[in-house]
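Hi,

Here is the structure I promised to pass on. Have a look at it first, and my notes follow below.

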Amino acid sequence: GFAKNWPAFKSFADDKEMARRWGNEVYDIVETEIKETRKAPQHEMKLSKFLNNYEEKGWYSVATIPKPMQTEVPLPPHFHCGHFDQRMHGAVLWQSRGGTKSVIHNDGQDAVNCQMDGVKHWAIWHPKYGKKIQSRKFGWVDASRDKDFKEAYGQFGGRVDVDNVDLERFPGWDELEWYELWMNPGDCLFNPSTWYHTVHGEPGRSQSVLLWWYRQDNFNATDCEVKQPWPPGVTLADCTW
């Protein structure tokens, strides 16, 4: 329940309050599908427009948290030293009506994912299976090279239906060890880069804060020895992402 102590846990909990305080802020990426294919259009829109329509239209925010809203999220302590504070990549707010389903994929950055509302169900595979997973035998695609996915982006398990994996077509999935977990409101998860995963949102309002940073080869322990503690109240808004 780490995130339950954040101001955002309360201030992001009500759509009307969010619209009142930040309605004119802009979400830079809003997806237009609940079950991800990476082929659907993405849009930029004001927060007020998103909040008024996302439940009916099935929109899904995967947007950078607008700067005024970042003041509601304290900077997690692991960023304090070791040069983590020099490798920040992104702070994202995911929000939907629930029922979302991601493709199987992995990320190029380490991340902390904190569930603010709703429940999400994760399935996770170790990167030691990378050579197998990233093959045609496992339904993996590279959208930049696959004519069937020319409207999509990135590399992912594009031919695998995450609702009903075809084990006759892709039998290898049945042979891999995997992990599963459920995230409830307030829970935070460290999601290491290169680990493969798919995430399914349970029905109902769903919201999470995701913080990405680039992994470094070595942890700088000396930096932690010489740095003074942060002053109280440091938030995401005090950082450059």
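Which cysteine does a disulfide join to C81? The partner is C224, with an S to S distance of 1.9 Å; a disulfide here is a pair of cysteine sulfur atoms within 2.5 Å.

Before the rest, some housekeeping: this is a predicted model, where local features need pLDDT of at least 70 and side-chain atom pairs count only at pLDDT 80 or more, while totals for chains, interfaces and linings use all residues. Residues are numbered from 1 along each chain as its sequence is written, and side-chain values use heavy atoms, with hydrogens and water left out.

Back to the cysteines. The rule gives 2 disulfides. The C81 and C224 link is right-handed, with 90° about the S-S bond. C81 sits in the loop between α4 (67-70) and β4, and C224 is in helix α6 (residues 221-226), 143 residues apart. (Helices, H or I with at least four residues, and strands, E with at least two, are DSSP runs numbered from the N terminus.) C81 is buried at 13% relative accessible area, whereas C224 is partly exposed at 25%; buried means under 20%, exposed over 50% and partly exposed in between, with a 1.4 Å probe and protein chains only.

The other pair is C114 and C188, with sulfur atoms 2.1 Å apart. Its S-S torsion is about 110°, so this one is right-handed. C114 lies in strand β5 and C188 in strand β10 (residues 188-191), so parts 74 residues apart in sequence are tied together. C114 is buried at 1%, and C188 is partly exposed at 31%. In sequence order, the bonded cysteines pair 1-4, 2-3. C239 is in no disulfide, and the nearest cysteine sulfur, that of C81, is 14 Å away.

Strand β6 (residues 120-125) is joined to β9 by 5 bridges, and H121 has W182 in β9 as its bridge partner.

Cheers

Notes. Two strands pair if DSSP finds at least two bridges between them.
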